[in-house]
Amino acid sequence: GEALARSTGSAMAGADAVIWDHHGAMAAGDSLGQALDRLEMLEKAARIWWLAHATGELPRHLAARFKA
């Protein structure tokens, strides 16, 4: 509960979206539409990451944009 909320607040200070292990994702924006667009981009990036990882490639261009 509270620990997740605090860590999310810290992570969102430097990001537009976060992914919670075993919980899902959250995005923020100036409007609901912008937040949903960011979630869609995150979903697409995750799919590209997964497909690249499945082939044995390291998607370095994405790794530089996302913090673990």
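## Salt bridge R6–E2

R6 forms a salt bridge with E2, and their closest N and O atoms are 2.8 Å apart; the term denotes a side-chain nitrogen of Lys or Arg within 4 Å of a carboxyl oxygen of Asp or Glu. Both residues belong to helix α1 (residues 2–12), where they lie four residues apart, about one turn of the helix. Helices (H or I, at least four residues) and strands (E, at least two) are DSSP runs, numbered from the N terminus.

R6 is exposed, with a relative accessible area of 58%, and E2 is exposed at 54%. Here buried means under 20% relative accessible area, exposed over 50%, and partly exposed in between, with a 1.4 Å probe and protein chains only.

## Basis of the model

The structure is a predicted model, in which local features need pLDDT of at least 70 and side-chain atom pairs count only at pLDDT 80 or more, while totals for chains, interfaces and linings use all residues. Residues are numbered from 1 along each chain as its sequence is written, and side-chain values use heavy atoms, with hydrogens and water left out.

## Further salt bridges

A search of the whole structure finds three salt bridges. Side chains of opposite charge can pair when their charged atoms come close.

One of these joins the side chains of R38 and D16, at 3.5 Å from N to O. This pair links distant parts of the chain, 22 residues apart: R38 is in helix α2 (residues 32–54), and D16 is in the loop between α1 and β1. D16 counts as partly exposed, at 44% relative accessibility.

Another salt bridge connects the side chains of K44 and E40 (3.6 Å, N to O). K44 and E40 are separated by about one helical turn, because they are four residues apart in helix α2. E40 counts as partly exposed, with a relative accessibility of 40%.

T8, in helix α1, is buried, with a relative accessible area of 8%. Its side chain reaches the backbone oxygen of L4 at 2.7 Å.

Not counting residues up to four places away in sequence, T8 touches V18, W20 and M26, where contact means heavy atoms within 4.5 Å.

## Backbone at H22

H22 is found in the loop between β1 (17–20) and β2 (24–27). Although H22 is not a glycine, it has a positive phi of about 65°. Most residues other than glycine have a negative phi. H22 counts as exposed, at 73% relative accessibility.

Note on methods. Polar contact = N/O pair within 3.5 Å; in protein donor to acceptor, adjacent residues only side chain to side chain.
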